[in-house]
Amino acid sequence: MKSAVAATVTTALPAQPQHGAARAKVGEEKNKEADGDDRVILHFDYDCFYASVIENAHPALRTRPLGVRQKSILATCNYVARTRGVRKLMPVAQARAACPDLVVVCGEDLAPFRDASRRLWAFLRGAVAGARTERLGLDEVFLDVTAAVVYNRALLNPNALRDSFFHLSAEDPERGFTFDATRFAGCVHPPPDGQGEQHAGAGAAVLDDPVRVRLMLASHLAGYLRRRLEEDFGYTSSGGISTNKVLAKLVGSVNKPRNQTTLLPVQGENTIQEFLDAHQIREIPGIGSRTSSIIADHLFPPGKAVRAGHQEPEQQTPSGITVRDVLRYPDMSPALLSRILDRPGAERGGGKKIWNLLHGRDASEVKEAGVAPTQISVEDTYMARPLNTLPEALRELSVLATSLVRRMRADLTTAAEELTDPSSAGSAGLPLGTQQKRRWLAYPKTLRLSTCAHPGKSGSVSSTSNPSFSRISRSQPLPSFALDLGRPCAEVAERLVREALLPLFRRLHVGRAAGWNLALLNVCVANMVPVAGDGSSGSGGGAGGRDISRMFRTQGERLREWSAWDDDATTTTTTTTTMMSSPSLSPPRDRNDLFDGKAEGGAVANGGSEEKNDVEDAGSASAETELWAVDDGDSDSDVGWEDEDGDSVAQQRCAACGHVVPTFAMSAHERFHAMGD
DNA sequence: CTGGGGTCCT
DNA sequence: AGGACCC
């Protein structure tokens, strides 16, 4: 329960240092000096996401210890359960032993989680004009909000910092929220030495340093978005704010449930390196178990008893090796790392990449996700009873193929706008909405079947150092009948099994008619080809901006601003007033199979932003990037945001909409009008 | 009694 | 086709 730390700024706005000189104009000077700290990246991690989805569907569970099961382990559990000793990835039996009244629900069908994830993602994608958004798994999102933050920094009024307004769009000046620009929202990472000294210098530094200003603004943006996620959708989250993806994600873990943390550079100290140094290398995103154990084994050969603990089979994963251990190793260098990691199949820039990660440098971009996934797969495991006979295999392939066809239709098609009859204007469209016309957004060209033999039985347990056990796969072109939308899923699936999956299966297991001991089957379609003529892909033109604002309005936005938000995190879960007839749940007994699939209707608790979630939108935010383009204030010397002290920014009133805009931003602003005409 | 997915690179 | 990484 740490309450949010706020760095308070008490000084007046200082003159903006002539950073423009150092920063140089485009192309004039390389300025490769440092790890680009020129971006602003937010990372959101929904708290125990699967459990939250269940809780939103069944609010009565919020106060109970809850675990979400996949086969014999808990994929995750809520915080009530964690209080009672339950952990993520814990075997169910162990969890029940630790917490006998644990409510366990099955989470093997990911559909409800995928749906919830997509709704949250659609909100975040539409929330900040010009931002790029990337999903990582179902429960994490990166946003590159550099453009919006730069724009808003330029709009700061130094005389009224406490009553600042953050613009979420250059187009619509009403869209945004108020905030106090004299402080950070949420926590900051090296925590300000609160008690002893509240040095006035810290305050000055905040506004002196462009990076700090941007991060301060970003902290408020992150706080606003998290609040919306919680109030409008019912999902708490943890946030990280920094200048690249790795740092944003890492720092977001510092204050975990329902809080956020901004990683601050502190003048004269290398706080970022100190922050990284304490982490185990395995904890750095991008350094996986394989790389970690190779490095650990090389630095501290297993033969030597250097490390504490004399366990013989002590398996790797944490390894105990910290970033500091690696960087302090004699003669450590990118070249040495490259040599250590060099082996057939290794990534090319591998050593240098790891070296950069260990220093907190990460140039990877936030990738704007396409509307369609690049791959869809469905799998099941059969650990308890491995598959050994053809009838068993065919039955499971049928099940998987049916799910796959259903998912292809759900995720790769969209409602066909089939030159609409003007007569249907009354929205009386489809009385029995089910048989709606759909068309493919993208279609897969490849079908792949993967299997995996059971490690324990009869199969050769060849690799002692196996990260799980390895799969084998075969692929072929996807038959075109798989794209026939006129037939039932099951029918298409059956034909897929007979004509494609069974042949693939035979190619995988040549010469053996039975007795494969298969512990896993996976059916996958990949190699997606976007269907031309779809407005939601590239298109480039002005459509993007309008789509964003349209979607935003349908979200039921409206005077919600001016709600003061002190992230004094003492008040907890928004109490829910929901009309779910709570399913009978007797925790210890019965199989607790209360989760029945989709959270339909009024299932989602609170806020009531629900009901119409058919967003299926086409909001490609990338098209709007230019709107924020204010070329960074200091890269352009004509109008800094602080020409003279006093009230500073040269502003103009837009002739088209009347909005007052800084002079340097006017051309970008007008570009919007040109686009939206 | 070790999930059910995804991404990118080689 | 497989391996690394991510959750």
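Here are some worked exercises on the predicted model shown above.

A few ground rules come before we start. Residues are numbered from 1 along each chain as its sequence is written, chains are lettered from A and ligands numbered from 1 in the order in which they are written. In this predicted model, local features need pLDDT of at least 70, side-chain atom pairs count only at pLDDT 80 or more, and totals for chains, interfaces and linings use all residues, while side-chain values use heavy atoms, with hydrogens and water left out.

**Exercise 1. The overall picture**

Task: find how many helices and strands chain A has, and what share of its residues is buried.

Solution: 
- Step 1. Helices (H or I, at least four residues) and strands (E, at least two) are DSSP runs, numbered from the N terminus. Chain A has 18 helices and 19 strands.
- Step 2. Buried means under 20% relative accessible area, exposed over 50%, and partly exposed in between, using a 1.4 Å probe and protein chains only. Of the 677 residues in chain A, 46% are buried.
- Step 3. A contact means heavy atoms within 4.5 Å. Take the contacts in chain A between residues at least 6 apart in sequence: 73% of them join residues at least 24 apart.

**Exercise 2. Pairs of rings**

Task: work out how the rings of Tyr50 and Phe113 are arranged, and where these two residues lie.

Solution: 
- Step 1. Rings of Phe, Tyr and Trp (its six-membered ring) pair if their centres lie within 6.5 Å; planes under 30 degrees apart count as stacked, over 60 as edge-to-face and the rest as tilted. The whole structure holds 10 aromatic pairs.
- Step 2. For Tyr50 and Phe113, the ring centres are 4.1 Å apart and the planes are at 5°, so this pair is stacked.
- Step 3. Tyr50 sits in helix H2 (residues 49-57) and Phe113 in helix H5 (residues 111-127), so the pair links distant parts of the chain, 63 residues apart.
- Step 4. Tyr50 is buried at 16% relative accessible area, and Phe113 is buried too, at 0%.
- Step 5. Now try Phe166 and Phe177: their centres are 5.2 Å apart with planes at 5°, so they are stacked. Phe166 is in strand S7 (residues 164-167) and Phe177 in strand S8 (residues 176-179), so this pair ties together parts 11 residues apart in sequence. Both are buried.
- Step 6. Ring pairs also join Tyr46, Phe49, Tyr50, Phe113 and Tyr235 into a cluster.

**Exercise 3. Next to the ring pair**

Task: describe the surroundings of Val53.

Solution: 
- Step 1. Val53 lies in helix H2 and is buried, at 5% relative accessibility.
- Step 2. Leaving out residues up to four places away in sequence, Val53 touches Pro112, Phe113, Ala116 and Tyr235.
- Step 3. Val53 and Ser117 are 64 residues apart along the chain, and their C-alpha atoms are separated by 9.1 Å.

**Exercise 4. Opposite charges**

Task: find the salt bridges of Arg162, Arg228 and Arg487.

Solution: 
- Step 1. Side chains of opposite charge can pair when their charged atoms come close. A salt bridge is a side-chain nitrogen of Lys or Arg within 4 Å of a carboxyl oxygen of Asp or Glu. The whole structure has 22 salt bridges.
- Step 2. Arg162 bridges to Asp180, with the closest N and O atoms 3.6 Å apart.
- Step 3. Arg228 bridges to Asp232 at 2.5 Å between the closest N and O atoms. They are 4 residues apart in helix H8 (residues 210-233), so about one helical turn separates them.
- Step 4. Arg487 bridges to Glu491, the closest N and O atoms being 3.7 Å apart. Arg487 is partly exposed at 43%, and Glu491 is partly exposed at 39%.
- Step 5. Arg69, Lys71, Glu108 and Asp380 are linked in a network of salt bridges.

**Exercise 5. A buried charge**

Task: say which side chain of opposite charge is nearest to Arg409, and which backbone oxygen Arg409 reaches.

Solution: 
- Step 1. Arg409 is in helix H15 (residues 390-412).
- Step 2. Lys and Arg count as positive and Asp and Glu as negative; His and the chain ends are not counted. Arg409 is buried yet has no salt bridge, and the nearest side chain of opposite charge, Asp484, is 6.0 Å away.
- Step 3. The side chain of Arg409 does reach the backbone oxygen of Arg487, at 2.7 Å.
- Step 4. Not counting residues up to four places away in sequence, Arg409 touches several residues, including Arg438, Trp440 and Asp484.

Notes: A polar contact is a pair of N or O atoms within 3.5 Å; within protein, one must be able to donate a hydrogen and the other to accept it, and residues adjacent in sequence count only if both atoms are side-chain atoms.
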